[in-house]
Amino acid sequence: MKNRVLMQGNTAICESAIMSGCIAYYGYPITPQNEISAHMSKRMRELNRVFIQAESEIAAINMVLGTSVTGTRVMTSSSSPGISLKQEGISYLCGCELPAVIVNIMRGGPGLGNISGSQGDYFQSTKGGGHGDYKMIVMSPDSVQEMYDLTADTFELADKYRNPVMLLADGYLGQIMEPVIVDKPVMKNSFEKNWVLDGCKNRAPRKIRSLLMNDGELEQFNWHLNDKYNKIRQTEVRYESVNIEDAEIVIVAFGIVARICRDVILKLRAKGIKIGMIRPVTLWPFPEKIIGEIAGKLKYISVIEMNLGQMVEDVRLAVNGKCPVEFFGKPGGAIFTVDEIISKIK
Amino acid sequence: MEKQFIKPVSLKNNRHLYCSGCGHGIVHRLIAEVIDELNIRERTIGIAPVGCAVFAYDYFNFDVTEAPHGRPPAVATGIKRVLPDRIIFTYQGDGDLAAIGISEIIHAANRGENITVVFINNANYGMTGGQLAPTTLTGQKTLTTPLGRQIRSDGYPLKICELLNSIDGTVFLARSSVNNIKNINQTKKHIKHAFQNQIDNKGFSLVEILSQCPPSWGKQPVDSLRWIDEVMVKTYPLGIIKDN
């Protein structure tokens, strides 16, 4: 029997993390994701797991690093300015090949911005907001159901690739409440972890580090990372396509915007306009192949984002001149209406 | 005849990269001796800093992880909370602990984390060539205080043990040095006590060690040993600050 529960987006992340075997959560207060740390502070204690409200975002991400070193499933969450502070830690997690789940419930920026939902952190998340050559898997839900489902997947992917994975949502998705079907099986932390630090009993001592000073050592390590990232590119791309079979116009949108665009498509289809949508679920790796494949058959692609134009650059690379790419954006935490988007579709 | 001086099992056979006359090697050995004597090598996880001791994992013969600059207390917290029966220690210099990582050390202490901290105070940033540290003495010349540390522009030497003494979460705070046999033996006692506290689940212990840094101090190794006695201890008096 399917278990249907009314949940807020932020709470769905927590319950999914708990179901996925997340043993430790570290966070710092910031709106609009405070429900996550509040919920975790209650639930993790009930379950005799670890909860710490850290003294800073920087401490929180480094507590994550410490727990990850032991091979234990761990999560932190924040919102845009807080995620900026975590970037050094994310770079170290990638450099040390440590799994971790990082949730960003985006708000308006730059600077302190506002507390409204936004998509202004696409570049930071997908292009590497910290230093060095690294990549992080970035998953983008568009409903509370997906916040629940994808959170479980982030833990699996993090362990599978020994790499941090980000769940990238926004303040709107974090706050809304929807029924969620919670029928995902309880995750088993089944990956072999022959790299963890837990004391060197019956084995040689291990070290975890990203400092590689010998001649050529760091170059070799970066090539190793590149192989891993290429494998992720080949294996883990996820997207949803809506009515693209006969489409002449295709919208590319992610997260809350894609959700609004579902209504746009319904309304325009009713008027006889052949329109569809590609919704990237993984923002990195980006679904460039499908976009490149359909581009040649289209009148144009319309990229719609709650920012000044970030994902549109990846769409243009994927399209590679095969059709025009239009952009319609809304920055600063403002949200689209369906009619606003319709007015931009010619 | 029985061998009187043997290498601790907790030290690897790797060559140190430390400078001539540096105090780090002595402290590494003391930690290794203590870990051997307490028989905790197989359940110890060390946390290396960013600074001269960044390669600690190549010297210690047990599990060691890297941490970003200043963050070892947060990393230690993340390990200890999920593996409470392991012995977790951080090894940090004065740039790492007293400057960029001052927030992490204060809050780990304030939470009373059951960890051990070995804090090396050599009054400068050794790894990067000898810049002003929070612990640099008044008037001391460094790469970035060419005229000597000036109170009005550079502030005062930061006394970490005294600062942490005001925090209820700390159980053991002590300062010693490694500039002569007597002080080395005292330092070992402090380190052992700090680890024993963790074994006994007593809480946060920190051992501050005044450690000679001849190249950055612009002194011969022997003069560096003397400088600790004659100058450094006036700002940083040796002794046990707290032992609950």
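**Close-up 1. Helix 1 of chain B crosses helix 8 of chain B in this predicted model.** The axes of helix 1 (residues 24-38) and helix 8 (residues 181-199) come within 9 Å and cross at roughly 45 degrees. Helices here are DSSP runs of H or I with at least four residues, strands are runs of E with at least two, and both are numbered from the N terminus. Axes are lines fitted to C-alpha atoms, for helices over the stretch in contact, with angles from 0 to 180 degrees between N-to-C directions.

Residues are numbered from 1 along each chain as its sequence is written, and chains are lettered from A, and ligands numbered from 1, in the order in which they are written. Local features need pLDDT of at least 70 and side-chain atom pairs count only at pLDDT 80 or more, while totals for chains, interfaces and linings use all residues.

**Close-up 2. Chain B touches chain A.** Here 28 residues of chain B are in contact (C-beta atoms, placed from the backbone, within 7 Å) with 33 residues of chain A. Look for strand 1 (44-48), strand 2 (63-66), helix 3 (72-80) and helix 5 (102-110) of chain B, which each give two or more residues to this side. Helix 3 of chain B gives the largest share, six residues.

**Close-up 3. A strand of chain A meets a strand of chain B.** Strand 9 (residues 207-208) of chain A and strand 2 of chain B run parallel, joined by two bridges. Find Ile208(A), and opposite stands Thr65(B) in strand 2 of chain B.

Definitions and conventions
Contact = placed C-beta atoms within 7 Å. Pairing = 2+ DSSP bridges.
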